[in-house]
Each structure stands twice: as C-alpha cells, then as structure tokens.
Amino acid sequence: MRLLFIGDVIGKPGRDVLSAELKGLREKLGLDFVIANAENAAAGFGITRSVANELFASGVDVLTSGNHWLDQKEILTFIGEDDRILRPQNYPQGTPGRGANLYPTRGGGRILVINVMGRTFMDPLDDPFAAVEAQLAACPLREAADAIFVDMHAEATSEKMAMGHFCDGRATAVVGSHSHVPTADAQVLPHGTGYQTDAGACADYDSVIGMDKFEPLQRFTKKMSSGRMSPATGPATLCGVFIEDRKSTRLNSSH
C-alpha cells in the first residue's frame, strides 16, 4: 500500500499547490490513499465546508486536524456528517466529530487513520496514548486493518517520538504535524513502523511557519500585536511524507 501524508495546509497558497500538484503525484507514486492535515487551510485558521470540498477535489481522501480544528465554527455544522474529516481523538467524550475511522483505499485495502493531539505545551486534553491504544486494540494491524496511520499533532518532539515508539510494530506509520517545519528524521523504527517527527507544511516558506512575516516579527521584537496573523501569499511548497508498506516485517519510509 502506498500512502501520502501531507503536512499542514496553510491557507490559499497551500490549497493551490495541492490543486496543482497532487493529482500528478497520485499517478506518479501510484498512491492508494492521501491524508492531509487541514486545520490551517481556511485563511490559516480552521476548516470550512468549501475549503474541505476543495481539498477533496484536489485528490485528498481524508483530512486530519489539531488545535485549530474549531477556529471556524462552521465546522460544527458538518463535521458530524462527513467521516472524511477528523478532529483529535483525545478530545473529551461528547465533542462533535470523530478522531479515527476505517477507510477503503484505491487498491481495495482498509486503512485506519487516527488523529491525536499532544498535551505538552498544548491544551490539557485526554491522554493521547490511551486514545491511540484503544483504537489499536479495537482495530489491529493486519487483522481488521491493512494499514494504520497516526497523525500526532503535537508541539514537543519528544512526545511525538514517544508516540512513534509506543505504536512501533502496531501501526504502519506515525507522522507528526503542527510545527510546520519538516524534520530530517524519516526512519523505520525497530519493529517496522515508519516514523517522521514532522511532515512540514504546504505553505510559502518565505514566512514564519507559513504566516506573513510582519505580524510574528511585531510580536517577537516589540511584544505588540497589530492584528490577526495571515498566510504568506507567495508560491507554496508541497511538503509531506510518502510511505510504502510492502506488507512485510519492515516498512519503507521516505520524505
């Protein structure tokens, strides 16, 4: 099975680069399934219905999210209806939407996608490790699912790495999101799980993590806010992680 995880899509530049490049990548790489983190896809903050539909039309199969999933309140009107949009699984019971789901792939397989959020330097949500453990127990790899992918949306690299090792041998891949900067540690863990600390972002990299430089610089250098941050509008780079699962004891991961 060939999977592509696309890092945080930042505003219109991020959506535009997906529209321009993703269909070609699906053909070139023979992709069975595409996942994209879209929590920053609507003007840099949250997801709207029209933005979600635009990303699906570009060739994305499932959208994951993170701490900004609720920034556009419109999402509450449709997240319960569309199982292709995930919010972190470790939000309290009763939160609208879902954090994990089993999906069919183009090649006829089944993939479980799990979206969780870290707690270090972030919101004090429920335990992400317990949330992932419950999903892995309910839908074991090679039994109920042909592949399992975990989007670990977290600030701390240590927490992301811990999740990778926690899932090693029980998930196809664990890839981090949230920091918007791709890490150079793509690897296959000892028991066969593909891992990378962060997939980066689909954004204009002449920016501060995808945002226009002026406002972040104001805040860092003058401790002043002159307004809401907005996505940088230059040409964006498509950034993500490609995983090929050869259904053996070892998996191959490349950035």
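A residue is called buried when its relative accessible area is under 20%, and exposed when that area is over 50%. The model described here is predicted.

H178 has a relative accessible area of 12%, so H178 is buried. F121 has 73% relative accessibility and therefore counts as exposed. Most residues other than glycine have a negative phi. Phi of F121 is positive, and F121 is not a glycine. H178, also not a glycine, has a positive phi too.

| Residue | Loop | Phi |
|---|---|---|
| H178 | between β8 and β9 | about 110 degrees |

**The open sheet**

Six strands build an open sheet with mixed pairing. Their order is β5-β6-β7-β8-β10-β9. Which strands stand at the edges? They are β5 (100-104) and β9 (187-188). Each has a single partner strand, so one side of each has no neighbour in the sheet. β5 runs antiparallel to β6 (residues 110-117), and five bridges join the two. In one of these pairings, L102 has L112 of β6 as its bridge partner.

Two helices pack on this sheet. Helix α3 (residues 128-138) touches β5, β6 and β7 (147-153). The direction of α3 makes about 165 degrees with that of β6. Helix α4 (residues 157-167) touches β6, β7, β8 (173-177) and β10 (194-196). The direction of α4 makes about 165 degrees with that of β8.

**The nonpolar cores**

The largest nonpolar core has 30 residues. Within it, I6, V9, L18, L55, V60, L63 and I85 touch the most other members. β1 (2-6), α1 (11-29), β3 (33-37) and α2 (49-58) each supply at least two residues of this core. Which element gives the largest share? That is α2, with four residues.

L18 shows how parts of the chain come together. Beyond its neighbours within four places in sequence, L18 is in contact with I6, V9, L55, S58, V60, C202 and L238. A second, separate core holds 21 residues, including F129, A131, C139 and V150.

**α1 against α2**

The axes of α1 and α2 come within 8 Å and cross at roughly 20 degrees. Angles under 35 degrees count as roughly parallel, so α1 is roughly parallel to α2. On the α1 side, the contact is made by R15, D16, L18, S19, L22 and K23. On the α2 side are V51, E54, L55, A57 and S58. By class, this contact has five nonpolar, two polar and four charged residues.

Note on methods. Residues numbered from 1 in each chain as written. Predicted model: local features only at pLDDT ≥ 70, side-chain atom pairs only at ≥ 80, totals over all residues. Heavy atoms only, no water. Pairing = 2+ DSSP bridges. Contact = heavy atoms within 4.5 Å. Axes fitted to C-alpha atoms, helices over the stretch in contact; angles between N-to-C directions. Core = buried A, V, L, I, M, F, W, Y, C linked by side-chain atoms within 4.5 Å. Buried < 20%, exposed > 50% of the residue type's maximum accessible area, 1.4 Å probe, protein only. Parallel < 35°, antiparallel > 145°, perpendicular 65-115°, else oblique. Nonpolar A, V, L, I, M, F, W, Y, C, P; charged D, E, K, R; others polar.
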